[in-house]
Amino acid sequence: MAAAAPPPPPSEAHIFLPETTPPGDTLFTRIRLATAADVPHIHKLIHQMAVFERLTHLCEATPESLSATLFPPSAPPPFTSFTVLMLELSPAPFAPPAAADPHFTPILKPVHLDLPIDDSDRADFTSNAPDVLVHDVVIGGFVLFFPNYSTFLAKPGFYIEDIFVRECYRRKGLGRLLLTAVAAQAAKMGYGRVEWVVLDWNVNAIRFYEQMGAKILPEWRICRLTGDELQAFGRINLG
């Protein structure tokens, strides 16, 4: 009896690998000096911040008052008085600056996201920067700060009045970029420290600041004269 024919060689198996998970989106960021053209956006950001902090009853700023105080006709150089840095966001890389700014070189950094961001207010925050030629660049936040002085250190420093990132862009590392920009500028100028305040109920912000290396000083309290109490001093005769 003839031997049985050997079985046919196994055909090449087709191995189906799961599709690679998309790497997510890249958000291109730019931190630059604000100009008077940014005042409408600064005003809207301040209002959003007041809503978040539950302090809208204290918010009296208007675009006109912001323009007059932040960008007067003979404004001092940046970092010597009130300074505002704007956080811009784009789906495409920013072009390098056409000319060097003697005061501040814009900071360009890509941020990788797991998922795209749904910015329902993007139309209200389209950037007004003169070098932005497309409508996809939006304002994502800002930081406002000014010099102060430490007698203990015998050095100037920066006091951050406001740092704010719009809600849909939070927890993406953008607040860290803004804070880093101010701290890096302080270090570059030989300043002694950077200070700001945080609401005691904002535990997420407190944790974030501590992770950045900031020390929370619970033994200090803010003292403030404002409104009628301040104006009363203007009627005192000191002569």
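This is a short tour of a predicted model, stop by stop.

Before you click, note that residues count from 1 along each chain as its sequence is written. Local features here need pLDDT of at least 70, side-chain atom pairs count only at pLDDT 80 or more, totals for chains, interfaces and linings use all residues, and side-chain values use heavy atoms, leaving out hydrogens and water.

**Stop 1: helices H1 and H2**

Select residues 39-52 for H1 and 63-70 for H2. Helices (H or I, at least four residues) and strands (E, at least two) are DSSP runs, numbered from the N terminus. The axes of H1 and H2 come within 9 Å and cross at roughly 115°. Axes are lines fitted to C-alpha atoms, for helices over the stretch in contact, with angles from 0 to 180 degrees between N-to-C directions. The crossing is right-handed, that is, the near helix is turned clockwise from the far one by less than a right angle.

Now show side chains: Val 39, Ile 42, His 43 and Ile 46 of H1 meet Pro 63, Leu 66 and Ser 67 of H2. Contact means heavy atoms within 4.5 Å. By class, this contact has 5 nonpolar, 2 polar and no charged residues. Ala, Val, Leu, Ile, Met, Phe, Trp, Tyr, Cys and Pro count as nonpolar, Asp, Glu, Lys and Arg as charged, and the others, Gly among them, as polar.

**Stop 2: Thr 126**

Go to the loop between strand E3 (107-113) and E4, where Thr 126 sits. Leaving aside residues up to four places away in sequence, Thr 126 touches His 41, His 135, Val 137 and Val 138.

**Stop 3: two loop residues**

Pick Ala 154, in the loop between strand E4 (138-150) and strand E5 (155-165). Its phi is near 55°, a positive value in a residue other than glycine. Then hop to Arg 171, in the loop between E5 and H3. Arg 171 isn't a glycine either, yet has a positive phi of about 60°.

**Stop 4: helices H3 and H4**

Select 174-188 for H3 and 203-211 for H4: they pack at about 50°, with axes 12 Å apart. H3 and H4 are therefore oblique to each other (angles under 35 degrees count as roughly parallel, over 145 as roughly antiparallel, 65 to 115 as roughly perpendicular and the rest as oblique). Gly 175, Arg 176 and Leu 179 of H3 make the contact with Phe 208, Tyr 209 and Gln 211 of H4. Those residues divide into 3 nonpolar, 2 polar and 1 charged.
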